[in-house]
Amino acid sequence: MRAHTSVRSLYSPVALVVLWELIVRIGLVDAAFLPSPTQITRAFVEIGPLMVLEQLGASLFRVFAGLFAAALVGIALGTWMARNAHVDRFFAPILGSIYSVPKSAFIPLLILWLGVGNSSTIVAVFLACLLPVVVYSFHGVQEVPRVLQWGAATLGGTRGGIIWRVYLPAASAQIFTGLRIALGFAFFLSTSAEMIASTSGLGKLIFAYGQGGNYDAMFAALAVLVAAAFAADQAFVRIRDRQLRWMPTQRANQAAA
Amino acid sequence: MIGVHEQPPVPGWGASAIGTLRRFVLSYYSLGLLFVGWEVVTQLEIIRPAFLPSLSSVLRQFFLLAEDGSLVQPISTSLYRSATGLGIAVAIGATLGLAAARSELARVIWEPLVSIGFPLPKVAVIPILILWFGIYDNSKIALVVFTCVFPVAMSVEAAVAGLPTVIQWSARSLGASRSTLLRTVVLPAALPGLMAGIRVALPLALLATFTAEMVGGGGGFGASLMYAQRLFDAPTVFVYLLLMLLFGLLADRAFLFVRRRLVGWSDQL
Amino acid sequence: MKITVRQLTRTFSRDGKLTTALDSVNLAVKEGEFVSIIGPSGCGKSTLLYMIAGFVPPDSGDIAVDGRIVRSPGVDRGVVFQEYALFPWLTVEQNILYPLQRRPMSDSDRRHTAQSYIELIGLGGFESRYPKELSGGMRQRVALARTLAADPDILLLDEPLGALDAQTREVLQDELLRVWQRTGKTVLMVTHDVSEAVYLSERVIVMSARPGRFVQEFKIELDRSVPRETLETSSTFTELRNKLWLAVRQEAIAAGLATQRAPA
């Protein structure tokens, strides 16, 4: 194991970037197809980091607005469906149908209804994020052990209170998984919408530069997006781990078994 | 929860027709309500037909398009791209997953790629792929491969890494050499995991194809959908949406059928 | 001497702590003998078995079978695990055919041999079933048949009946006895069931836990031709069983796995 951690530190992103630079410098790859990191950085400075960050902000706003809305509605709906079989039977087919449609297909429809801009993108993100949140919330609440439910009931409290203080915490591991997947979807949908038709956002930037042939700038915008998506995912994982501190880890469970 | 991860139970040979019908109605009545409500709302012009064409007009448009054959090209193009991309992704992903599970070196190379590739919105690389491969089939196939490799590789890696040691030991004691072990034990045991990965990758393949076509053009379903939207042809837009829905459902059903044949022996089913 | 274990030592480190699973263990098993190893949980008895099987290498010391040092698994040492370890993607028949594939026989010969093993374990009619359709007892029978089909000289059994209910266990114990008596194979069994050890073995070795050492050995001389009802209720059996139980319990207490009740 010790030998491998040193291999791992060798193979760090830094080394990867250096390798990338070398490959292009040597001419192994045509710089027109894959610009080197230095070219990309130069392009980034040229087009104006502030402008790029502004666009990033626009994209992030859509991502989180849609995600937040989907989280609220999704967790509520998933919990309700898990506790009420009638509600489940009503919504399940509808959700199942939405599941089968590639969510980006809704974008043209939403543009038709809401025009190009923030609202259509946010609704698209909302629709895409809703499903994983509902499904995982549903499973999470449904899997709350009977014993826990009965215990909560005997300790008294309102139904709402029990849901808030027992069911949701118990289901939180699953809910977080659903949210993490939804985060990925959110970035995917907002970028898609921005690329298809939009006046702002990183997706639009990437697409526009691509169309215009300014490939160095295109890569620069893409790099910013990748960094943002990665950072968002990492931040999410840290928040999740903090919130789930009290949980016995899977490995501990397996050892006890 | 029915209809999301698993389709509603398929009735056995002995089920009565009435029972099946009843179960069907009970499971899907909300969809029925939705369709009825849709028709009513549009017929009464509560919502303008420019925004929401009536269900009947959508169906009419569907038959129109089906008859004059304008659906054939987009459908076959998109299906070809999805299927090819998925096939390549499975081949590459399964190999990568297997390697990552069996070789420490492979895993060290693989893990950073996954942690960056996973949260990356794959659609963002469409312009790059168009740059490299042009706007037609190859860039779409490339996107499908890029998108679908991850779930397949991750599932295979988990399956192979999770293979119980006692099974491998048993095989060795029964005379299996290292290479026989791979072929007769590791691969069959990893099959359910591979199927799980493909199940996730299947809708992703369709999604990647359609999105790439919507963003970059170059024919196919997505491009036709965008074209209809630009013409404000709401009925056609809806036709395409419903068709996409249909394909998603059919693909999943077909997959489940194949999966049952291949890994019916697994106790995960 | 069929199996010779010399000064075998094996340590494990978990969470930074070093545990000695086996400490200079010596063992000699004659051909055709039935030997059991018994001891408290975690005393390294399974580790010993796995090392003889060739799955786990020793830290020091060696193991020889028929005079040759053991370095890797082989068909001469068949293993039956507590978890059955059947191949879930193969039917009962295919599982049993697996070891037969490497033997130079015609296909029809293989099928006949597999069939005879299936009859031997009393699962005729279940050839095309998959493991997931079988009960625990049936799975263990298949595992046993599969190991026998490889025709090993030595049978290494790692708590083979531990996962089964009491009734099934008794039935399979009799089958095991019958198989041993018919084939004359050398059997080394690890178990935690004291009665089982006495019922089946000619020799029982008691191990201590952490570090794992052989502490006592019991010779079992029973007339196994009498019916089980007579045998298990006889005074000889009961005496042996009690002595063995006390020895194991001693080790369990020493290992901190059991506590002695203070006299009231």
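1. A residue is termed buried under 20% relative accessible area, exposed over 50% and partly exposed in between (1.4 Å probe, protein chains only). The model is a predicted one, in which local features need pLDDT of at least 70, side-chain atom pairs count only at pLDDT 80 or more, and totals for chains, interfaces and linings use all residues. Residues are numbered from 1 along each chain as its sequence is written, chains are lettered from A and ligands numbered from 1 in the order in which they are written, and side-chain values use heavy atoms, with hydrogens and water left out.

2. A salt bridge is taken as a side-chain nitrogen of Lys or Arg within 4 Å of a carboxyl oxygen of Asp or Glu. Over all chains, 23 salt bridges are counted. In chain C, Arg228(C) pairs in this way with Glu232(C), their closest N and O atoms lying 2.9 Å apart. Because the two are 4 residues apart in helix H7 (residues 228-233) of chain C, about one helical turn separates them. Arg228(C) is buried at 15% relative accessible area, whereas Glu232(C) is partly exposed at 27%.

3. A salt bridge also joins Arg62(A) and Glu194(A), with 2.7 Å between the closest N and O atoms. This pair links distant parts of the chain, Arg62(A) being in helix H4 (residues 49-83) and Glu194(A) in helix H9 of chain A, 132 residues apart. Arg62(A) is buried at 2% relative accessible area, and Glu194(A) is buried at 2%.

4. Between chain A and chain B, contact (heavy atoms within 4.5 Å) involves 53 residues from chain A and 50 residues from chain B. The buried area, meaning accessible area (1.4 Å probe) lost by two parts on being put together and summed over both, is about 4900 Å², with 79% given by carbon and sulfur atoms. How many salt bridges cross the interface of chain A and chain B? The rule finds 0 there.

5. Helices (H or I, at least four residues) and strands (E, at least two) are DSSP runs, numbered from the N terminus. Helix H9 (residues 221-230) of chain B has 8 of its 10 residues buried, so it is largely enclosed by the rest of the structure. Among the buried residues of H9(B) are Phe221(B), Leu225(B) and Met226(B). The buried residues of H9(B) pack against H6 and H9 of chain A, together with helix H3 (72-102), helix H8 (178-216) and helix H10 (234-263) of chain B.
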